[in-house]
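Thanks for coming. I'll take a few minutes on salt bridges, and then we can go to discussion.

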Amino acid sequence: MAAPAQTGAGQISDRGAGTRPCAPIRSTCPYCGVGCGVRLDRDDTGALTVTGDPDHPANRGKLCSKGSALAETAGLQNRLLAPRVDGHDTDWDTALQTVAHRFERTIAEHGPDSVAFYASGQMLTEDYYLANKFMKGFVGTANIDTNSRLCMASTVAGHKRAFGTDTVPGTYEDLDEADLVVIVGSNLAWCHPILHQRVLAAKARRGTRTVVIDPRRTATCDGADLHLPLRIGSDVALFNGLLAAIYEGGALDAGYLAQVDGFDASLMSAMASDLGPTGLDPDLAASFFRLWIRTERVVTIFSQGVNQSSSGTDKVNAILNCHIATGRIGKPGMGPFSVTGQPNAMGGREVGGLSNTLACHLDIENPAHRTAVRDFWEAPRIPDAPGLKAVDMFRAVADGRIKALWIMHTNPAVTLPEADAVRDAIAACPFTVVSDITARTDTARLADVLLPASAWAEKDGTVTNSDRTISRQRSALPAPGDARPDWWHIAQVARKMGFATAFDYTEPAEIFREHAALSGIAGALGRDFDISELSDLTNRAYDEMTPTRWPIAAKRGGRFFADGRSFHDSGRMCMIPVRWRAPAARQAPRFPFRLNTGRVRDHWHTMTRTGLTPRLSAHLAEPFVEIHPDDATALQIAPDTLVELTAPKGHAVLRATITDAVQPGTLFAPMHWTAETAPTGRIDAVVAGATDPVSGQPESKASVCAARAFAAAWYGFAVSSRPMTPTSAYWAMAPSGAGWRAELAGRAASQDWEAEARALFDLPTAQAQVLTDPARGIARLAFREGGKLVAALFVSPQPVGVMRDYLAGLPDEDVLSGRAPLGRPDPGPTLCSCFGVGVNTILSAIESDGLMTVEAVGAALSAGTNCGSCRSEIATLLTSARVNEAAQ
Ligand code: SF4
């Protein structure tokens, strides 16, 4: 039965006149790989409301905090509305002609491998298909790779080694039907919240046990039956231990193994392993092994903690080996399950968007496959070898081998490892094109040509989620200004380069039909990805297409590999013998910390959309680094001060969060902040460029670095009705309800704080109220225009202790105390972004009303009752409140 739809309260109305109301449109959330269905409603003022689609099989009406705030990100703030060449707005014809001409000239002078395309899991399948066709079929180079390389390339490689194809064996329904769900290297509660809620629902309904395997204690650990805090990078040792225990416990599936190659060698590897590298208590590991072995219906969910590693492919195969050895794969409630980070990472894999794949799961190195694709596309050329993978691609940009580069919907100057070097390489590249919805990204600022793209709510096409369900993304808003869809950008450039016939598309439905038809050829060549039944969809049928999982259910039942048949030439499954290897970067006295990176609950990638909405920024408004209390004490790092991280090729300054959620000697920092929002918070500047030798995926979770206290002479907190222009050594700025808020710090205190503040706020003449105590290094300044508070700055030699959420509202009161008037409680940092409920409010309700459960907190305060993304954190507050009470 369909659940009630989740509310997305936000609205936009800045397209105004000419925007007609529309009947509810069904589309797909553009953030994570869960692929939740959404309903878009637009009223006669042009305001858009986004709610969960009760009929979509991925979410049944639910949305997480990010999905619930989608409407707030669909406005025109920061939008790029016209093509730009060399920093000047121009017309489309000029821009397209410039791109086509520079690409043609570079290819003519230096060959097709001197150009490259860097794509994104944000692109729709139709856009991705065309980018791949353009580069591999018509430019004639395999130098097209994607930011999905940073996300799930190790899973692709692991799947191909085991199954002979890149196929996720199971479905989301398996999470409902499992008796044990093992979550490896994934903070599912924050990064795939709707799937996590699905697991918790199964736990409540049928008692599904859950095990979390993660070096960090994350929100996903709350309520789990076991948490295995293994050492960073030791997953292969753990799963080899599990395989050995499966053998010793007599849990092998002999019938299934009769169709498997590589069992003996894999078992020998496993038996030769020990658990030492995991650092786990042997009894804890043994409990996990027993639980796994005695539970037939087991799903192992894995994500970036597995993939983003210099041994990521081996980690994937270590997990797959255990499922293959027990035959627990492709059957209801059991199987390995890779969850993808991006909304269309799977669609990108299907069209062959990686530099080492072709299209429709065909292989670039297979002559028959190449011929089939070339003939189908009527392409003049097709490369016979893989192109450059992401990290190598930008190294080739740096050393001048790549001379023309097209980047679409991604921000590599921030997100690739050694990000400073990548930024410098893009800046030095002779010709860079960026297609994006905004010019305000670290990468777009470096482009020679900027092409304005349609945004999520304006685009038409399809995406594929983590369980192979293809969903429509439908346009609900007209594209503003000169913005155009990505497929159109590519087709227009291709036409101007002389490929008019092959790129003569007028709408995405045509491209989808062609993609589906090509998959039929792949199917005839024995590949798994065959959606050719969709190749004759009429435009109307494409428009009305409902979520469709491949293989088309009537044919295959929706799961793979239960019968033990693979897509290797032999038809047999493969177990891959793997051995634990330490992460590539070695800890040393100069760089003693191991750095783990990841996402936070309410932000997406480099925040070009989530960073627009105050309520998503309220949860965590600045970049931070988690450091263990023992390390903080040793380094004299106090709570909420700043920490400086240095690595061989980079540097960052972040707020200290002192917590035993991380292990001693390890650090965790989020990936979202950029030069636009916190210039020293670009954590990928610190991450080393080591990659997995098979998949080419960077090791974003096990770099090394040094940490020390940042020598701040002063800390500041500022609020303003307008964006600020900070110049201090450290700053981080975020939108707030009434404008903007910023955290600041510097190495030398100012002699004239009023002048500093006026420059920061650009308020040369506003009326100022100033309170300073130079002896104590304290300054407090409030600025008013027409009697109304428009900005305030609070400076202190220590981290500033003021009521931030109160001040961020720019209250019409005397604010120099930094606190709300007496009697008004401090809600504390926002925990529930849907209802704006703060930590202090929840803690005080727990204490005063004796609340014992998450549901009781919800009933009292509404917190956690809309999207549910904060429920794990409320559970943590309840637990800590109980612990405190017991200790009294
Ligand atoms: Fe979007 Fe959240 Fe669903 Fe992911 S879980 S698709 S971010 S609503």
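Aspartate 314 is buried, at a relative accessible area of 11%. This is a predicted model, so read the side-chain values with that in mind. The partner of aspartate 314 is arginine 161, and their side chains form a salt bridge with an N to O distance of 2.7 Å. Aspartate 314 sits in helix H13, residues 312-326, while arginine 161 sits in helix H4, residues 149-163, so the bridge ties together parts that are 153 residues apart in sequence. Arginine 161 counts as partly exposed, with 23% relative accessibility.

Next pair. Glutamate 177 and arginine 297 form a salt bridge whose closest N and O atoms are 3.7 Å apart. Glutamate 177 belongs to helix H5, residues 173-177, and arginine 297 to the loop between helix H11 and strand E13, so here the parts tied together are 120 residues apart in sequence. Arginine 297 is partly exposed, at 27%, and glutamate 177 is partly exposed, at 27%.

Third pair. Aspartate 467 and arginine 549 meet through their side chains in a salt bridge, 2.7 Å from N to O. Aspartate 467 is in the loop between strands E18 and E19, and arginine 549 is in strand E20, so this pair ties together parts that are 82 residues apart in sequence. Is aspartate 467 buried or exposed? Aspartate 467 counts as buried, at 2% relative accessibility. Arginine 549 is partly exposed, at 23%.

That pair also belongs to a network of salt bridges, which links Asp467 and Arg549 with Glu173, Asp176 and Arg198. For the overall count, the structure holds 55 salt bridges.

Key. Residues are numbered from 1 along each chain as its sequence is written. This is a predicted model: local features need pLDDT of at least 70, side-chain atom pairs count only at pLDDT 80 or more; totals for chains, interfaces and linings use all residues. Side-chain values use heavy atoms; hydrogens and water are left out. A salt bridge is a side-chain nitrogen of Lys or Arg within 4 Å of a carboxyl oxygen of Asp or Glu. Helices (H or I, at least four residues) and strands (E, at least two) are DSSP runs, numbered from the N terminus. Buried means under 20% relative accessible area, exposed over 50%, partly exposed in between (1.4 Å probe, protein chains only).
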